[in-house]
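Here's a quick briefing to read alongside the model. Keep the 3D view open as you go.

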Amino acid sequence: MSVGESSGSGVLCKSSTSASMNSNNPSGSNSDISCPDDEGMIDDEGFDDAPDYGFDFYYNDDDGDAYENDYLSLMDQFDNVDLPPGVEAPLPWLKDIASSESKQGVAPACAESSSKGKADETEDEVMQNFRQFKQFDTIDAYPDHFYDKESAKEAQSPKNWAKKIQEEWKILEENLPETIFVRACEGKMELLRAAIIGPQGTPYHDGLFFFDCYFPSTYPAIPPKVHYHAGGLRLNPNLYACGKVCLSLLGTWHGKNNENWIPEKSTMLQVLVSIQALILNEKPFFNEPGYSSTYAGQEGQRRSKDYNDNTFILSLKTMMYTMRKPPKHFEDLVAGHFRERAYNILIACRSYVEGAPVGTVLHSLPQTTYNSIPYVDNQKEFQSAVSRMMNTLIAFFSKNGSTDCEEFRSLDLCNISDVATTNLELYKIESASTLAITASDV
């Protein structure tokens, strides 16, 4: 299935975005939301400059108090906002962990975030729920599903439609790979939600990526609709910040005959596996149409490496977004997944700070020290960004119940304002690309 790396200019993928999002809009509150025709994660004109990791504030520590005051002001303004279902808005999860703990009289995350005894009390329950989390199961309702309101507008489905959906459920239940989890909705059979674990060897490793799926009333004559839980971040040429998924199998990109949706043959399992294998791949830079031929040789590899570095930063932010705002019915998966993988994620971060290329740290193999590897292009800035981000990650992981993260903490960065400053900068970055929400919507 083509994901965009094919002949052509890529206009179809981008020009179809606005139309697709508008036609698939599940709620009037999202009527102003569209994917920009011209914007992409890759900017050719400015690519030779250092990538914007969103960490310029790290080099100006004197403004820490000002940032913290602005941050707390933003939280007062947005903490109680009641957003419509299906609207991606990362503001609630940006509430500073350390600041909120301090208000409650708890020591900030720079100290021991939670006692060993308390962690032991909850470990069995959290990890037991995680290990009992089925790869496929059904639930009663999805009030927060992106397509929940759209399903109410659909015409009555044909009699054989329900039978086809049940067949899809059976295929998923029997054939899902161990790194994909699905919850189907019995109350509204057209709704489905999937969680995909980022593959090892890619800049998405250890991440959890969520997708809301929808079976139209004319399914399988037309492909399903899929919305990515982006949180305002674009970490792949085929996954837009507005949730658009660009894949020929979904009809959102042009592909060869056997790459497009084939009624009565293509399946939802095929869609999910394609997203994991073809979109969340080792070198997503080359997903962009024509880049494999335009940027060949060492130049292409350099750009691909810079893209992977930036993608990993966005993947780390997605982890924090997901822990702060776990999708409904996947709370146990999120809590257990990141508690189990926190240590390995931080090991990978440390290795990348030492010079390891993103995606080369495999948890099943002995780790190597990369201090002797020289800086290449923007690597020093990337390493600094990851190093500074690790303390914020530790705060999130510790809040989630991990107790084996303190060895990775950088003590010279251990202060509340540093975490608040980090979160404020995340807000500034994401607010530029998050979904448009009008005053009336809120």
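A disulfide here is a pair of cysteine sulfur atoms within 2.5 Å. By that test, the structure holds 0 disulfides. This is a predicted model, where local features need pLDDT of at least 70 and side-chain atom pairs count only at pLDDT 80 or more, while totals for chains, interfaces and linings use all residues. Residues are numbered from 1 along each chain as its sequence is written, and side-chain values use heavy atoms, with hydrogens and water left out.

- Helices (H or I, at least four residues) and strands (E, at least two) are DSSP runs, numbered from the N terminus.
- Strands pair if DSSP finds at least two bridges between them.
- E4 pairs in the antiparallel sense with E3 (residues 191–197) over 7 bridges, and Ile-196 sits opposite Phe-209.
- E4 also pairs in the antiparallel sense with E5 (residues 225–228), over 4 bridges, with Phe-211 opposite Tyr-228.

**Two cysteines**
- Cys-213 is buried, at a relative accessible area of 0%.
- Cys-349 counts as buried too, at 0% relative accessibility.

**After helix H10**
- Just after H10, Gly-355 takes a positive phi of about 120°.

Definitions and conventions. Buried means under 20% relative accessible area, exposed over 50%, partly exposed in between (1.4 Å probe, protein chains only).
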